[in-house]
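Colleague: Please take a close look at the charged side-chain pairs here. Describe where each partner sits and how the pairs relate to one another.

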Amino acid sequence: QVQLVESGGGLVQPGGSLRLSCAASGKIFSINDMGWYRQAPGKERELVATITSGGSTNYADSVKGRFTISRDNAKNTVYLQMNSLKPEDTALYYCNVDVMVVPGFRRSYWGQGTQVTVSS
């Protein structure tokens with residue numbers, strides 16, 4: 001089994017910053033892509049950003065230039081630095097990790113979600 005532990009959410013004023021973390025542990029041979037998704041009330045879950053094992057990144061247009069995704073492979077951890085936050089960034093943020101549990105067997109795991117609220 002693989003466990004994902006997220007942290008770093010909270011309440012922040014517009015224009016503020018937050019840093020989310022997601023640490024994977026358990027039966028892990030290697031980790032492929034890691035990413036962050038979010039879901040606002042009444043909306044579908046959407047991609048925020050992803051990062052490959054080689055460090056290539058992809059961002060939703062709505063967060064480009066404001067959010068930065070990074071990873072520490074030694075710690076099996078993915079981060080999301082969020083700057084210039086807007087009220088429309090308010091959502092439950094989930095990390096997603098694509099794990100090679102054993103060679104040839106891949107599985108995707110989701111974190112429990114961490115709430116980000118941007119409000120004055």
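Modeller: Lys64 is partly exposed, at a relative accessible area of 49%. Here buried stands for under 20% relative accessible area, exposed for over 50%, and partly exposed for the range in between, computed with a 1.4 Å probe on protein chains only. Asp61 is exposed, at 65%. These two side chains meet in a salt bridge, 3.1 Å from N to O, the term being used for a side-chain nitrogen of Lys or Arg within 4 Å of a carboxyl oxygen of Asp or Glu.

The model is predicted, so local features need pLDDT of at least 70 and side-chain atom pairs count only at pLDDT 80 or more, whereas totals for chains, interfaces and linings use all residues. Residues are numbered from 1 along each chain as its sequence is written, and side-chain values use heavy atoms, with hydrogens and water left out.

Across the whole structure, five salt bridges are found. Arg38 takes part in a salt bridge with Glu46, where the closest N and O atoms are 2.7 Å apart. Glu46 is partly exposed, with a relative accessible area of 37%, while Arg38 is buried, at 6%. Arg38 also forms a salt bridge with Asp89, and there the closest N and O atoms are 3.0 Å apart. Because Arg38 belongs to strand β4 and Asp89 to the loop between β8 and β9, this pair ties together parts 51 residues apart in sequence. Strands are DSSP runs of E with at least two residues, numbered from the N terminus. Asp89 is buried too, at 1% relative accessible area.

The loop between β8 and β9 also holds Ser84. Ser84 is not a glycine, yet its phi is positive, about 50°. With a relative accessibility of 42%, Ser84 counts as partly exposed.

As for the nonpolar side, the largest nonpolar core has 32 residues, of which Trp36, Leu80, Met82 and Tyr93 touch the most other members. Strands supplying at least two residues each include β4 (30-39), β8 (77-82) and β9 (91-102). The biggest contribution comes from β9, with six residues. Such a core is a set of buried Ala, Val, Leu, Ile, Met, Phe, Trp, Tyr and Cys residues joined through side-chain atoms within 4.5 Å.

Key
Helix = DSSP H or I, 4+ residues; strand = E, 2+ residues; numbered from the N terminus.
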